[in-house]
Amino acid sequence: MTNERHRGETALVTGANKGIGRQIARRLAAEGMTVYLGARDEGRGREAERALADEGLDVRFVQLDVTVQAQIDATVKRIEAERNRLDVLVNNAGVVVEWGVAVPEVTVEHMRAAFDINVFGTVAVTQACLPLLRRSPAGRVVNMSSPLGSLTFLSDPNHPISTRGLLPYSSSKAALNAITLVYANALREAGIRVNAANPGLVATSLNDRSPFSRGSRTPEEGAEVPVQLALMGPEGPTGDFRGSMDGAVEESVPW
Ligand SMILES: NC(=O)c1ccc[n+]([C@@H]2O[C@H](COP(=O)([O-])OP(=O)(O)OC[C@H]3O[C@@H](n4cnc5c(N)ncnc54)[C@H](OP(=O)(O)O)[C@@H]3O)[C@@H](O)[C@H]2O)c1
């Protein structure tokens with residue numbers, strides 16, 4: 001059953017073949033949006049597209065590795081041809097590359113691998129989508145961040161986050177937080193709202209090799225905060241980092 005409020009709107013979700021991203025795509029499509037489901041692997045993307053289409057949702061697979069500019073350009077071209085504008089961009093694709101690697105063992109290759117996807121991929125997709133987002137009456141960008149990127153938590157020796165020692169992941173999400181704020185400030189006058197989302201600790205494959213808790217929240221629960229940010233009207237926030245560990249969208253995470 002779809003909700004009419006967002007019918008006619010168009011969304012792009014990166015890394016949407018599984019985990020939180022797949023649930024975000026599902027929820028936005030259930031609101032009546034046409035959702036482009038980005039996946040870097042064609043087989044995994046088509047499987048997700050089929051499963052969501054079987055629920056009666058308008059979900060369209062696009063092959064989108066966020067590190068491949070030609071795929072980003074082709075995605076934007078297709079959305080422009082089919083929909084002419086973009087209302088929601090969810091930069092969800094993300095990786096942890098350093099499970100089991102102690103901080104002194106982290107190399108610049110680990111850093112590059114994390115930044116390529118979590119940071120440069122997000123900027124590349126956002127930059128390419130901006131012309132289409134500007135055509136929306138109320139464009140929304142949601143960046144999937146993490147409290148592991150919070151400088152407030154990292155600088156508090158009594159906070160558990162400060163003991164995690166995830167150099168590539170924490171620094172890439174901290175960079176993503178700054179990127180969120182700079183875009184929010186630059187795009188405020190254009191009416192495009194840019195926010196970061198904390199989904200909470202969610203049991204997905206991202207955390208499979210975590211030596212800490214894998215998380216108890218489901219991907220459906222993890223999708224709640226980014227979906228709420230993606231659905232907010234012009235009265236909604238911009239330049240905010242929303243979502244408590246148990247998914248309260250009203251709460252902000254300290255930068
Ligand atoms: N799980 C948590 O507790 C948690 C907490 C805070 C923030 N987050 C953030 O939430 C987002 C989603 O994570 P998740 O937990 O749902 O993890 P997940 O189940 O591992 O899903 C990650 C998604 O990103 C995709 N991806 C990886 N590299 C990509 C690339 N180069 N181009 C395009 N897609 C790529 C993966 O595709 P493949 O299937 O092809 O690998 C997958 O679809 C991430 O940004 C993560 O940092 C998660």
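1. Ligand shell by class. In this predicted model, the shell around the ligand holds twelve nonpolar, eleven polar and five charged residues. The shell counts 28 residues, and the nearest of them are Asn17, Arg40, Asn92, Tyr169 and Thr204.

2. Asn207 places a side-chain N or O atom 3.0 Å from an oxygen atom of the ligand. Lys18 has a polar side-chain atom 3.4 Å from a ligand oxygen atom.

3. An N or O atom of the Asp65 side chain sits 3.0 Å from a nitrogen atom of the ligand.

4. Cover. On its own, the ligand has 900 Å² of accessible area. The protein covers 96% of that area. Two elements, α1 and α6, each give two or more residues to the shell. Helix α6 spans residues 167-187.

5. Helix packing, geometry. Helix α1 covers residues 19-30, and helix α2 covers residues 42-53. Their axes come within 11 Å of each other. The crossing angle is roughly 35°, and the crossing is right-handed.

6. Helix packing, contacts. On the α1 side, the residues are Arg22, Ala25 and Arg26. They meet Glu47, Ala48, Ala51 and Leu52 of α2. By class, this contact has four nonpolar and three charged residues, with no polar ones.

7. Where to look. For the helix pair, inspect the contact between α1 and α2, including Ala25 and Ala48.

Notes: Residues are numbered from 1 along each chain as its sequence is written. This is a predicted model: local features need pLDDT of at least 70, side-chain atom pairs count only at pLDDT 80 or more; totals for chains, interfaces and linings use all residues. Side-chain values use heavy atoms; hydrogens and water are left out. Axes are lines fitted to C-alpha atoms, for helices over the stretch in contact, and angles run from 0 to 180 degrees between N-to-C directions. Helices (H or I, at least four residues) and strands (E, at least two) are DSSP runs, numbered from the N terminus. A crossing is left-handed if the near helix is turned anticlockwise from the far one by less than a right angle, and right-handed if clockwise. Contact means heavy atoms within 4.5 Å. Ala, Val, Leu, Ile, Met, Phe, Trp, Tyr, Cys and Pro count as nonpolar, Asp, Glu, Lys and Arg as charged, and the others, Gly among them, as polar. A residue is near a molecule or strand if one of its heavy atoms lies within 4 Å of it. A polar contact is a pair of N or O atoms within 3.5 Å; within protein, one must be able to donate a hydrogen and the other to accept it, and residues adjacent in sequence count only if both atoms are side-chain atoms. Accessible areas come from the Shrake-Rupley method with a 1.4 Å probe; for residues, only the protein chains shown count as cover.
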